[in-house]
Each structure stands twice: as structure tokens, then as C-alpha cells.
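Please keep the sequence and the structure in view while reading.

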Amino acid sequence: MSSTEITDPGTTQLTPLTPLRLREVTVPNRLWMSPMAQYAAGQDGRPTDWHLVHYGARAVGGVGLVMVESNAVGPLHRTTSADLGIWNEDQAAAHRRLTSFITGRGAVPAVQLLAAGRKGSHQLPWHGAGQNGPVGVADGGWELIGPSAVPFGGLSVPREATRADLDEVVEAFAHAARTAHLAGYEVVEIHAAHGYLLHQFLSPLANHRTDEYGGSLQNRMRLPLDVARAVRAVFPPEKPVFVRVTATDWAEGGITLDEATVFAKELAGVGIDLLDVTSGVLVRDREARPPQREGVNVDFADALGKASGLAVAPVGQLGGLTLAREVIGSGRADAVLVGRALLRDPYLALRDRSGDPAAWPAQYHRAL
Ligand SMILES: Cc1cc2nc3c(=O)[nH]c(=O)nc-3n(C[C@H](O)[C@H](O)[C@H](O)COP(=O)(O)O)c2cc1C
């Protein structure tokens with residue numbers, strides 16, 4: 001539980017409608033939109049009308065924070081050719097349409113920053129029977145880097161990142177955070193989960209290095225912590241920085257909750273404000289899939305929050321909202337992130353407060 005929360009006036013009972021203050025940013029409620037890649041970027045990774053309508057509808061729909069999907073921190077850090085990017089001024093200008101609309105609806109605009117590592121340069125998910133097949137350099141793809149030359153499933157084999165590559169990664173995240181601030185985002189989130197580059201460094205299943213970036217947990221945390229430190233240093237002090245962390249790899253020899261706890265404490269020391277807690281998807285292995293269970297990451301978030309003292313928001317199978325209400329009310333989480341349920345229904349959060357016409361836009365009042 002964060003030390004900066006605000007409770008409802010006259011009561012200590014927390015609800016999804018209780019605002020949450022993080023640094024100088026007050027999020028108006030605790031039902032948040034999880035980042036979900038749309039693979040719909042325009043030229044040079046810029047947001048398009050699709051993104052404006054898609055994110056705009058969820059802001060109208062009453063979520064307190066709209067986390068715009070993973071944005072690559074550089075062209076070689078994308079997962080596909082249709083990923084959004086946040087490494088230059090033209091992209092920032094296009095993002096400004098989104099942040100201005102989201103802010104105008106009273107929601108907080110946030111953006112996730114990504115380096116794909118060995119999970120880069122693949123087809124759009126709806127091509128090739130959803131297999132995310134590799135796109136080689138000869139076909140317009142790009143070279144991948146990873147902690148080690150170990151591929152993800154059938155994707156291209158990454159080159160083992162050099163020290164110069166890692167310096168570039170840290171600088172690219174910092175530059176992207178500066179660009180996000182210029183674009184009007186109030187929050188940035190570093191993606192250190194779901195098997196992307198920073199998670200690859202953390203997990204012994206992808207990181208076989210023998211230098212100071214591999215082996216011990218201290219070494220495997222080095223790159224993600226350098227990135228977190230660099231982002232925190234350049235993002236304005238009044239604005240929060242989140243990290244999406246993995247609580248477990250759900251795989252033998254992978255990250256466990258004990259290791260995730262050590263990482264969470266280190267992130268607290270770096271000045272990170274909130275952990276967005278997820279798990280799995282580091283390896284393409286049916287056995288290593290997160291279980292189908294409502295609120296699958298709630299207990300992990302609770303444990304990581306208590307151990308680190310950081311605010312936490314679990315994600316994963318919370319779209320039913322009953323459990324979401326319970327975990328917020330009991331203080332096990334400070335907020336919840338909802339993904340697929342918000343793809344199905346952009347007005348999910350408003351429907352949850354259907355008795356309150358004031359929550360709906362004035363333009364829709366005659367329908368209530
Ligand atoms: C279409 C789609 C795209 C996604 N893209 C991202 C992404 O850009 N970044 C991320 O961290 N997770 C991404 N995810 C995972 C979601 O943010 C979320 O963690 C996952 O769907 C579990 O939450 P849910 O059960 O509420 O859907 C994506 C999920 C979907 C369905």
C-alpha cells in the first residue's frame with residue numbers, strides 16, 4: 001500500500017473510485033487500462049486515428065489511467081513494423097493528440113516503454129495463424145539483440161548484446177522518457193516483463209552470460225536497474241514512474257517470487273513509484289503459461305507491495321471487477337489494471353457506476 005493514497009472524504013474505506021495520488025499526479029480512480037499493443041502505427045511508428053479513437057473511447061469510458069501500449073524506445077527495439085515508437089519529436093507530436101484528449105476527459109495519460117530484445121522483428125499477430133513468425137533482415141526485419149544468443153521459440157537468434165549495446169539501451173529508455181514527457185504523458189512505465197529485453201536479462205532461462213550482466217541475481221538485475229535509474233533521473237520529479245515486473249516465470253529454473261521480491265526492493269531504492277505486477281511468457285512453452293485463474297497475480301502483487309513498500313497494481317483476469325473491488329477495498333492492491341475486458345467493452349468502468357449519471361459524458365445523458 002502506498003503512503004501517498006487519498007481516501008474517500010469522511011471514510012477510510014477504499015473503493016475503486018477512491019483517487020490515488022502518486023507524487024504530484026492524482027489518478028481519479030483505481031480501475032486502469034492495461035497496455036495492449038494495437039499493431040496499427042503509421043509511418044515511423046506514429047500513433048494514428050485508430051489510437052486516438054481506441055484510447056479516447058476508454059478515457060470516455062471512465063478508467064482512471066489509460067496506459068498506452070508498449071512503445072519501442074528505438075527502431076531496432078520494436079516487436080513488429082507496426083509498433084508505436086517514442087524516440088523522436090514527430091512521434092511526440094502525434095502522441096500529443098492522444099494525451100490531450102485523455103487529459104481532457106479527466107483520465108491520466110500513461111505510456112509503456114519497451115525494448116523487445118529476442119522477441120523482436122516478428123509478423124503481426126493476425127498474420128500466419130497467430131504464430132508471430134520471424135521476419136528476417138532480408139524481408140525488411142532487423143537484427144535482434146539479447147542477453148545471450150538463445151532464441152525465443154521460432155524467432156530469429158539474437159546477437160549477444162555488447163557493452164556498447166547495453167549503454168545504448170539505457171540511453172534509449174532515458175531519451176524515450178524525455179520524449180514521453182514532451183508528448184504530455186503524466187506517467188511512464190518501464191516494461192520489464194512478458195519476456196522482453198529487460199526480463200530476458202533478469203531470467204536465467206534467457207540470460208546465460210558470464211560477465212557482470214549474468215550469473216548472480218545482482219548481475220542479472222544490473223541492466224533493468226540501470227534503465228530504471230536513468231528513466232527516473234530524466235523524468236520530471238513530480239511525475240511517477242512505474243515498472244511492469246514479472247513475479248514468476250512459471251518455469252523450472254526461471255525467476256521465482258523470492259527473486260522478484262529482491263528486484264522490487266531494489267526498484268524502491270531507485271525511486272520507482274508503482275509495480276504493475278504480471279507473470280510468465282518468457283519462454284514459448286505450453287507448460288510455462290500462467291494458470292487460467294481470476295486475479296492470477298493478486299497474491300504476488302500483495303507480497304511484492306508489502307516487501308518493497310511500493311504501491312502495486314496487479315493485472316490479469318480481473319475484468320469481472322468483483323475481485324478487483326475486493327482487493328482494492330482490502331488494501332491488497334492500490335489499483336488494478338484491466339486488459340481484454342476493456343477491448344470487449346470500452347465503457348466497462350462507467351457501467352460499473354451506472355447509478356451515477358454524472359460519471360457519464362453530458363452528451364450521453366439522454367440515454368441514461
Ligand atoms: C491484444 C493485446 C495486446 C497486449 N499488449 C501488451 C503490451 O503492449 N504491453 C504489455 O505489457 N502487455 C500487453 N498485453 C498484456 C495485457 O496488458 C495484460 O497483461 C493481459 O492481457 C492480462 O490481463 P487481462 O486478463 O485483463 O486481459 C497485451 C494483451 C492483449 C490481449
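Predicted model: local features only at pLDDT ≥ 70, side-chain atom pairs only at ≥ 80, totals over all residues.

## Elements and overall form

Along the principal axes, its C-alpha atoms fill a box of roughly 60 × 45 × 40 Å. Of the 368 residues, 51% count as buried, and among the contacts with a separation of 6 or more, 69% are made by residues 24 or more positions apart.

Strand β10, residues 241-246, is mostly covered, since six of its six residues are buried. Val241, Val243 and Val245 point one way from this strand, whereas Phe242, Arg244 and Thr246 point the other way, and all are buried. Strand β9, residues 187-192, pairs with β10 in the parallel sense over five bridges, and within this pairing Glu189 stands opposite Phe242.

β10 also pairs with β11, again in the parallel sense and over five bridges, with Asp276 in β11 as the bridge partner of Arg244. From β11, four bridges lead on to β12, the two strands running parallel, and Val277 has Pro314 in β12 as its bridge partner. Both faces of β12 are covered: Ala311 and Ala313 are buried on one side, Val312 and Pro314 on the other.

In helix α8, which spans residues 298-308, the buried residues are Val298, Phe300, Ala301, Leu304, Gly305 and Ser308. These residues lie on the same side of α8, because they cover an arc of only 155° around the axis. An α-helix has 3.6 residues a turn, so residues three or four places apart point the same way.

Gly309 follows α8, and its phi is positive, near 80°.

## Positive phi in residues other than glycine

Arg23 is a residue other than glycine with a positive phi, near 50°. Its place is in the loop between β1 (20-22) and β2 (25-27), and Arg23 is partly exposed, as 17 other C-beta atoms lie within 10 Å.

Leu321, likewise not a glycine, has a positive phi of about 70°, and it is found in the loop between β12 and α9. Inside 10 Å, Leu321 has 17 C-beta neighbours, and it therefore counts as partly exposed.

## Surroundings of the ligand

Which residues are closest to the ligand? Of the 20 residues that surround it, the closest are Ser34, Met36, Ser70, Gly339 and Arg340. The elements that give two or more residues to this shell are β4 (65-72) and α10 (340-344). By class, the shell is made up of seven nonpolar, 10 polar and three charged residues.

## Two further loop residues

His208 lies in the loop between α4 (197-202) and α5 (217-220), where it is partly exposed, with 14 other C-beta atoms within 10 Å. If its neighbours within four places in sequence are left aside, His208 is in contact with Ser148, Val150 and Gly214.

Gln131 has its place in the loop between β6 (108-114) and β7 (145-146). Is Gln131 buried or partly exposed? With 13 other C-beta atoms within 10 Å, Gln131 is partly exposed. Gln131 and Val231, which are 100 residues apart in sequence, stand 33 Å apart in space, C-alpha to C-alpha.

Technical notes:
Residues numbered from 1 in each chain as written. Buried ≥ 20, exposed ≤ 12 C-beta atoms within 10 Å, placed from the backbone. Arc of directions from axis to C-beta. Near = placed C-beta within 6 Å. Nonpolar A, V, L, I, M, F, W, Y, C, P; charged D, E, K, R; others polar. Pairing = 2+ DSSP bridges. Contact = placed C-beta atoms within 7 Å.
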